[in-house]
Amino acid sequence: MHIQVFRTNVRFKKQLKLLVPYMNNLEGIRKWNIDFHDAERILRIETDRIAPHAVRATLLKAGFQCEELEN
């Protein structure tokens with residue numbers, strides 16, 4: 001299993017309603033969450049086989065942006 005970490009522009013918990021369907025339909029993700037206590041609203045993904053560009057494209061479809069961080 002691999003952990004991927006992204007900085008996002010998701011600012012409010014109520015925005016998760018827009019993001020959840022996209023993230024839950026993305027194959028290869030075991031678990032994901034956004035840390036709203038972190039100023040950069042860090043998205044952490046537990047995955048076996050998902051490419052970072054697929055995560056970026058998925059967030060873009062949902063109306064958000066992200067940038068992969070080194071972990």
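Four strands make up an open sheet in the order β2-β3-β1-β4, with antiparallel pairing. The model is predicted: local features need pLDDT of at least 70, side-chain atom pairs count only at pLDDT 80 or more, and totals for chains, interfaces and linings use all residues. Residues are numbered from 1 along each chain as its sequence is written, and side-chain values use heavy atoms, leaving out hydrogens and water.

**Exercise 1. Walk across the sheet and work out which strands are the edges.**

Some ground rules: helices (H or I, at least four residues) and strands (E, at least two) are DSSP runs, numbered from the N terminus. Two strands pair if DSSP finds at least two bridges between them.

- Step 1. Start at β2, which is joined to β3 by 6 antiparallel bridges. Here Asp 35 has Ile 42 of β3 as its bridge partner.
- Step 2. Move on to β1 (residues 2-8), which pairs with β3 over 6 bridges, again antiparallel. Look for His 2, whose partner in β3 is Thr 47.
- Step 3. Finish with β1 and β4, antiparallel over 4 bridges. Val 5 is bridged to Leu 69 in β4.
- β2 and β4 (66-69) are the edge strands, since each pairs on one side only.

**Exercise 2. Find the residues of the largest nonpolar core that touch the most other members.**

- Step 1. Buried is under 20% relative accessible area, exposed is over 50%, and partly exposed is in between (1.4 Å probe, protein chains only).
- Step 2. Of the 17 residues in this core, the ones to pick are Leu 19, Met 23, Trp 32, Leu 43, Ile 45, Val 55 and Leu 59.
- Step 3. β2 gives the most, with 3 residues.

**Exercise 3. List what Trp 32 is in contact with, leaving aside its neighbours within four places in sequence.**

- Step 1. Use the cut-off for contact, heavy atoms within 4.5 Å.
- Step 2. Read off the partners: Leu 16, Leu 19, Val 20, Met 23, Asn 24, Leu 43, Arg 44 and Ile 45.

Terms used:
A nonpolar core is a set of buried Ala, Val, Leu, Ile, Met, Phe, Trp, Tyr and Cys residues joined through side-chain atoms within 4.5 Å.
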